[in-house]
Amino acid sequence: MAVKLLTIGTFDLFHPGHVALLERMCDLGGWDSRVSVGVNTDDFVLAYKGRYPVMTLVERLEMLRSCRWVDEVLINKGNADCRPLVEEVAPDLLVVGSDWVEKDYLRQTKLSREFLERHNVGLLFLPYTASISTSSLRRRVESVA
């Protein structure tokens, strides 16, 4: 039986840290895993981070659809409320980078342990790739501009 995995994020300036997360998700689920990616809208990113992403939603969707470790790409239409997306995908595991452990991921996504348990969804934090981030790439670009 295929393992269904879901991760949700902005995925702006796609980089090796994103690749590592998606590849680890595939490894986790095995050969018949199904990796779904929920992508935050531009307006949500503006509201949450105070700025638009560098890449538009359409660009980020297209880029993720081309990734060999991704089976399905969806727009996170609920934005801060990820419950509709979790219900739509019905994953076995919700996968998040370990950089979210201290940020109360569940509260920020309007999820709760009870909600995940009721829907039989496990929560797994995978190691964060500390050497690169979208923020560090933005700073790098700004320094050479």
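Helices (H or I, at least four residues) and strands (E, at least two) are taken as DSSP runs and numbered from the N terminus. The model is predicted: local features need pLDDT of at least 70, side-chain atom pairs count only at pLDDT 80 or more, and totals for chains, interfaces and linings use all residues. Residues are numbered from 1 along each chain as its sequence is written, and side-chain values use heavy atoms, with hydrogens and water left out.

Thr10 is located in the loop between β1 and α1. With a relative accessibility of 13%, Thr10 counts as buried, where buried means under 20% relative accessible area, exposed over 50% and partly exposed in between (1.4 Å probe, protein chains only). The Thr10 side chain forms a polar contact with the side chain of Asn40 at 3.3 Å. A polar contact is a pair of N or O atoms within 3.5 Å; within protein, one must be able to donate a hydrogen and the other to accept it, and residues adjacent in sequence count only if both atoms are side-chain atoms. When neighbours within four places in sequence are set aside, the residues in contact with Thr10 are Val39, Asn40, Val45, Lys49, Pro53 and Arg60, contact being heavy atoms within 4.5 Å. The loop between β1 and α1 also holds Leu13, which has a positive phi of about 50° although it is not a glycine.

Thr10 is also among the residues closest to the centre of the largest pocket. The volume of this pocket is about 830 Å³. On a 1 Å grid over the protein atoms alone, a pocket is an open set of points where a 1.4 Å probe fits, with protein on both sides within 12 Å along at least five of seven lines; lining residues have an atom within 4 Å of a point. Grid points are joined across faces, edges and corners, and the volume is the space filled by probe spheres set on the points. The largest pocket is lined by 37 residues, and those closest to its centre are Gly9, Thr10, Lys49, Asp99 and Trp100. Two or more lining residues come from each of β1 (4-9), α1 (16-29), α2 (42-49), β4 (93-97), α5 (105-108) and α7 (134-144). By class, 15 of the lining residues are nonpolar, 16 polar and six charged. Here Ala, Val, Leu, Ile, Met, Phe, Trp, Tyr, Cys and Pro count as nonpolar, Asp, Glu, Lys and Arg as charged, and the others, Gly among them, as polar.

Strand β1 contains Thr7, which is buried at 3% relative accessibility. The side chain of Thr7 reaches the backbone oxygen of Val95 at 2.8 Å. Not counting residues up to four places away in sequence, Thr7 touches Leu21, Leu22, Met25, Ser36, Val37, Gly38 and Val95.

Four salt bridges are counted, a salt bridge being a side-chain nitrogen of Lys or Arg within 4 Å of a carboxyl oxygen of Asp or Glu. One of them joins the side chains of Asp42 and Arg60 (2.5 Å, N to O). Asp42 belongs to helix α2 and Arg60 to helix α3 (residues 57-65), so the pair ties together parts that are 18 residues apart in sequence. Arg60 is buried, and its relative accessible area is 0%. Helix α3 also contains Arg65, which is exposed at a relative accessible area of 53%. Between Arg65 and Leu5, 60 residues apart in sequence, the C-alpha to C-alpha separation is 16 Å.

A further salt bridge links the side chains of Arg83 and Asp81 (2.8 Å, N to O). Arg83 is partly exposed, with a relative accessible area of 34%. Asp81 is placed in the loop between β3 (72-76) and α4. Beyond its neighbours within four places in sequence, Asp81 is in contact with Asn76, Thr109 and Lys110. Arg107 is exposed at 56% relative accessible area, whereas Asp104 is partly exposed at 39% relative accessibility.

Ala90 lies in the loop between α4 (83-89) and β4. Ala90 has a positive phi of about 50° although it is not a glycine, and its relative accessibility of 40% counts as partly exposed.
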